[in-house]
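Q: Please take a close look at the aromatic rings of this model. What lies over them, and how do they pair with one another?

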Amino acid sequence: MTRTGPGTPMGELFRQYWIPALLAEELPEDDCPPVRVKLLSERMIAFRDSAGRYGLIDEFCAHRGASLWFGRNEEGGLRCPYHGWKYDVTGEAVEIPSEPENSTFCAHVKLTSYPLVKIGDVLWTYMGAPEKQPPLPEFEFSLVPPEQTYTSKRWQECNWLQAFEGGIDSSHVSFLHSGGLKSDPLFKGTKGNEYNMGDLKPYFEVADFEGGLFVGARRNAEEDSYYWRITPWVMPCFTMVPPRGDHPVHGHFWIPIDDENCWAYSFDYHPVRALTAAEVQAMREGHGVHSDNIPGTYRPKANKDNDYLIDREAQKRGDTYSGVKGIAMQDASLQESMGPIVDRTKEMLVSADSGIIKARQKLKRAAEALRDKGITPPGVDPAHHRVRSAAVVLPRDASFIEACREDLSVREGVRQSSV
């Protein structure tokens, strides 16, 4: 499940979906510089042509294999600076200067290309067979008005699966993020935080749904009631953090770059109101699920080369549980500490890991069904995308999945269910 290159079972699974390829800010205007893109172990170039069309094509010129990152983006195409071969957004060669005027050679030159579509803050691509291309994704964070949403990304130096597994693990919040519950401007000041810190032994229930799973973490609340934090997972790699009060709702996509690196796309949105200037500023500064990146890059300033700027004195004081600042980097530091691909034969899983166990099982079954029978996997249908996370207090005898069916569905004009 960790291997996603061409021809691998999990790689073929990922190629059934629209996935984030870049942030829209990376191609801000027509004829802007091209951008290197590596996804599912394929090296590509993204560019925006003179008419505003987006292209995602093989990085290397068909002539001599020079990288088109050096190319000139002009007059409706990307021109290789080595010998002037020019390609449009579909990868078609549209000009080969060395060929005679009546030559038909261009018609036989086409680079691998994939569609690239802007929805919200994200440029999405589909890397599978064209005849199986599904409808465009319909995740709520990407469809609300621009003033209600914010998306960032960071490079994470480990396999996508161990990063994703952290996204559906609610039990670590009371430990690793305990400092952030008190101080992070996008987390603090909610009743849910009191429940988180008041019960360090959550009980987990996992419910299946057509597109993935709902992972419910139950903690003690007032007498005769439980506090439930419900995390949806939409296959293969979309997760939503259960909300806190009226703070914006967070979530992630965990997108494989190659087998040992991934992109963590992190979003915040509010279903019914604009984000405040203070909230957006906090996100840009790396609070909440976002990271403070090295300027001009998407690599966090706190990274494995500088031990994540760990502050042992802050750890001793209890300002941060691990000594690492920021919710995002607290997660990333520990997930990367496992190594590029963690050796799961050494794991000792417990009941709190039931969501991770069931997600692995569902991924494995889906990859095998696609490989052996050609069955379309869960999560491809846009109807599966219209889910929400929830944080609710329920009577102790209530089933979380039955009681929260409406809360876990997108309802236009209705705020998130949260305490």
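**The aromatic rings**

A: Lys153 lies over the face of Trp263, 4.0 Å from the ring centre. A charge sits over a ring if NZ of Lys or CZ of Arg is within 6 Å of the ring centre and within 35 degrees of the ring normal. Arg36 has its charged end over the ring of Trp69, at 3.8 Å from the centre.

The model is predicted: local features need pLDDT of at least 70 and side-chain atom pairs pLDDT 80 or more, while totals for chains, interfaces and linings use all residues. Residues are numbered from 1 along each chain as its sequence is written, and side-chain values use heavy atoms, without hydrogens and water.

The whole structure holds 21 aromatic pairs (rings of Phe, Tyr and the six-membered ring of Trp, centres within 6.5 Å; planes under 30 degrees apart are stacked, over 60 edge-to-face, the rest tilted). Phe14 and Trp160 form an edge-to-face pair, because their planes meet at 85 degrees, with the centres 4.9 Å apart. Phe14 belongs to helix H1 (residues 9–14) and Trp160 to helix H3 (residues 160–167), so the pair links parts of the chain 146 residues apart (helices are DSSP runs of H or I, at least four residues, numbered from the N terminus). Phe14 is buried at 0% relative accessible area (buried means under 20%, exposed over 50%, partly exposed in between, with a 1.4 Å probe and protein chains only). Trp160 is also buried, at 0%.

Phe267 and Tyr269 make a tilted pair, 6.1 Å centre to centre with 45 degrees between the planes. Phe267 is buried at 1% relative accessibility, and Tyr269 is buried at 1%. Ring pairs join Phe267 and Tyr269 with Trp124, Phe139, Phe141, Phe238 and Phe253 in a cluster.

Definitions and conventions
Helices (H or I, at least four residues) and strands (E, at least two) are DSSP runs, numbered from the N terminus.
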